[in-house]
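This report walks through selected side-chain contacts, surface features and confidence values. Please keep the sequence and the coordinates at hand while reading.

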Amino acid sequence: MAGATLTPKRVTMADAVRETRAGSYNGIWSWISTVDHKRIGIMYGLTSFFFFLVGGLEALLIRVQLARPENSFLSPDQYNRIFTMHGTTMVFLVVMPMSAAFFNLLVPLMIGARDVAFPRLNAFSFWTFFFGGIFMNLSFFTGGNILHGDIGAPDAGWFGYAPLTLNKFSPGNGVNYWLIGLQILGIASLAGGFNFIVTILNMRAPGMSLFRMPLFVWMTLVTSFLLIFAMPVIAVALFELMFDRLFDANFFNAAKGGTPLLWQHMFWLFGHPEVYILILPAMGIVSEVLPTFSRKPLFGYPFVVFSGVAIGFMSWGVWAHHMYTTGLGSVANSAFGVSTILITIPTGVKIFNWMATLWGGSISFKTPLYFSIGFIAMFTIGGLTGVTHSIVPSDYQQQDTYYVVAHFHQVLFGGAIFGLFSGIYYWFPKFTGRMLSEAWGKLHFWLMFIGFNLTFQPMMVLGLLGMPRRIVTYPDGYGWSFWNALATFGAFMIAASILVFIYNVIVSLRKGEIAGEDPWDARTLEWTIPSPPPPYNFAVVPQVHALDDFWHRKYTEDAEGRPVPIPAGASDPVAVADHDDGHGDGHGIHLPSPSYMPLIASAGFPLIGLGLIYDAALVAVGAAVLVVGLYLWVLEPPTEA
Amino acid sequence: MAHAVAAPTTHLETNTGLDNRKLLMWLFLGSECLFFGSFISAYLLYRNRSITGPYPKDLFDIPFTSVSSFVLLMSSVSMVLALAAIQKGDLRRMRIWLLATSFLGLVFLGGQAYEFTAFYREGLTLKTNMFGTTFFVLTGFHGAHVTVGVLMLMSMWAASFKGKITQESSLNIELVGLYWHFVDIVWIVIFTMIYLVQPS
């Protein structure tokens, strides 16, 4: 459909500005009712960064407790609750929503669309995530007097293994908040997943065939498919746990014939695709940053695409490598060992493609590139330690030690977080109009990079020295004390780097260099429009002719393949937009109107959650809010004509 | 055409040629397969693992459930007729078939309510044994889906009096229909795996 049949749609800038959401684009209420993907993206980003600080604080509490042997900074009970919330927060309230922030900000711009397919559903995703995050953290206040250290947060680990999560072993409401909170967050992820698949498959600009899409869009597509198939599995597991805890069902009750192992199977059947849900978006970001700063196309684009797709499929066949020690038998263990080794192949392909992209490029060492290279280095170490886990006998030794903790922080912090920061430095100018300071950015990078390695490489050593995970303290004289002290020092260094980042953002927002449309001399469509982009994104829907279309509008090649600039304006797509070609008939760009209904509908979920825990009447209230919100939403016209 | 631009939820040409909402519904149903698949797997895993009775063979009334299953299957026929009617612009017939579909759905739900009550009277609850736990949760979630379907059918029926359902917007009926047929198909799987394939 794309291509020949659609001619570029033209309106004048003046028309567009006049007719777009007139008078409704300022003030706090315009943010609360917004359905604009860019604003939703910014709200996702800010909320997830807030939770990043919360989760980081929890990490520091853990590290202070472990800094020296026989420490009693936290009680065992507090420690269990803090590490549970740290893991849950970082996975579900930081990396996933921060990736969603990038999906929102970038996907419509990269494919040349004016918004996502379902703008109100998009707002619904955000608010549901927002309420889910708050709901989950409310649990802290349910344990009595929080000022006396009585916290009520869940205490069964982010993986929530049955039977630890059953009433008998985890009384109180902590786990109830956890499971209902995750359920709410799952709804947000599902809605987002559906929305981005439809957007990417259906809303691409003319000429933007699948294999002309930027790599980040591809990774969003794969991640979204993983989301819509993985979230229902964890939803069922959480429902089963909910029925066990709240209504005395027996899913995980061994006394009645249930098997707690069912939880592990379902959790990891969700959990391993989830691992790729966390890392693929960061891989997408890195795949955009490297070509821009190497001034070369991504090496082997189709291989990187197919590797990403292959990872998506294979991620469904490796879950039991989390369960080697549960007694599945040698046949199952061997099969999952082999599949786990196989999944390293597409991942390895990507790493080599990234390095080959840098090879021979005229590299411009800017902060985004620092973080991307940091990603490749740290993620490779994380990946290789992962390979050591895939070997069953080796894993028997590593199971439940700090080596595992070091491994998954190496991929999720060294990988996902470094990738996300690379994206923040890269696209900050696009969405704020100002550059982040390079000097502070590089200080941030080096502090974080060194701090990261001082925190997590000692954990590798600790794991090999036999230190178990999840212990509140340890005796002196095991050779663990020095490495733990070092890890704690590194953690504070990471914290310092985050303060540098916050300072950089605040200063740069006010005094940063004005970015202009294309500060990095980049390759993708979002750099063809003003920074920050206007609400309607593209005054003229772009016509795409090639992969990295924008680059080819700026450069041609000489005989040796070196880029040669094309004279400015000769083929700039934006240049066409500014003069009316005579086809204008006064119709502006109709964007969807702001709406409060997604917010109202999603406010039903935390009410239902509180009702399930405390009082059934509140369930009815919450359900009524949800249903009324949905009905008003359906009845409200999406666009003011 | 050149100017009515990109209000994203209106009927514009899409890259795949599928309407956005229709693609969304298909994706949603794909996701639902994993949802029911997980519950059905849990049921099958725990089959024959109840330590105490009552057991399925003590409770299942196959002729009764066969009738209510037949009723639900017939509701898919009336759903098809409702869609065919609106696609021809026959609003009156569409309303009749929508009501018929809702009615058949409600009969099925009534049958489920009767069955749940009967099992409860025989001593089966969520906590009695593995059968009670897995049976009530699986079929309960299916019943909840049928209930949502009936609500959507009734909403469509009501909306048709406000002029919101027309031949041009027959997609609304088609989407509800897709959902309704899916819920039916899930029941076929549940009925076969849980009622007909009897535990030893």
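The side chains of A:D521 and A:K554 meet in a salt bridge with an N to O distance of 2.8 Å, a salt bridge being a side-chain nitrogen of Lys or Arg within 4 Å of a carboxyl oxygen of Asp or Glu. Because A:D521 lies in the loop between α15 (481-511) and α16 (549-554) of chain A while A:K554 lies in helix α16 of chain A, the pair ties together parts that are 33 residues apart in sequence. A:D521 and A:K554 are both buried, where buried means under 20% relative accessible area, exposed over 50%, and partly exposed in between (1.4 Å probe, protein chains only).

The model is a predicted one, in which local features need pLDDT of at least 70 and side-chain atom pairs count only at pLDDT 80 or more, whereas totals for chains, interfaces and linings use all residues. Residues are numbered from 1 along each chain as its sequence is written, chains are lettered from A and ligands numbered from 1 in the order in which they are written, and side-chain values use heavy atoms, with hydrogens and water left out.

**Salt bridges**

The pair A:D521 and A:K554 also belongs to a network of salt bridges that links A:R295, A:D518, A:D521 and A:K554. A second pair, A:D548 and A:R523, has both residues in the loop between α15 and α16 of chain A, 25 residues apart, and links distant parts of the chain; A:D548 and A:R523 are both buried. In helix α4 (residues 76-111) of chain A, A:R81 and A:D77 lie four residues apart, about one turn of the helix. A:R81 is buried at a relative accessible area of 13%, whereas A:D77 is partly exposed at 37%. Over all chains, a search of the whole structure finds 14 salt bridges, among them those tabulated here.

| Salt bridge | Closest N and O atoms |
|---|---|
| A:D548 and A:R523 | 3.0 Å |
| A:R81 and A:D77 | 3.0 Å |

**Buried residues and their contacts**

A:S508, found in helix α15 of chain A, is buried at 3% relative accessibility. Leaving aside residues up to four places away in sequence, A:S508 touches A:F428, A:R434, A:M435, A:L436 and A:S437, contact meaning heavy atoms within 4.5 Å. A:T259, in the loop between α7 (215-247) and α8 (261-294) of chain A, is buried with a relative accessible area of 18%. With the same exclusion of residues up to four places away in sequence, the residues that A:T259 touches include A:F251 and A:F252 as well as B:L45, B:Y46 and B:R49 of chain B.

**A nonpolar patch on chain B**

A nonpolar surface patch of about 770 Å² includes B:L44, B:F70, B:L73 and B:I185 among its residues. Patches are made of residues with over 30% relative accessible area and no salt bridge, with like charges joined within 9 Å and nonpolar side chains (Val, Leu, Ile, Met, Phe, Trp, Tyr) within 5 Å. Helices α3 (62-87) and α6 (171-196) of chain B each supply at least two residues, and the largest share, five residues, comes from α3(B). B:L73 lies in this helix α3 of chain B and is partly exposed, with a relative accessible area of 35%.

**Confidence**

Chain A averages a pLDDT of 91, and 93% of the residues score at least 70, pLDDT being the predictor's confidence in each residue, from 0 to 100. Over residues 1-23 of chain A the pLDDT is below 50, and this stretch has 58 contacts in the model beyond near neighbours in sequence. Where pLDDT is low, the predicted coordinates should not be read in detail.

Conventions: Accessible areas come from the Shrake-Rupley method with a 1.4 Å probe; for residues, only the protein chains shown count as cover.
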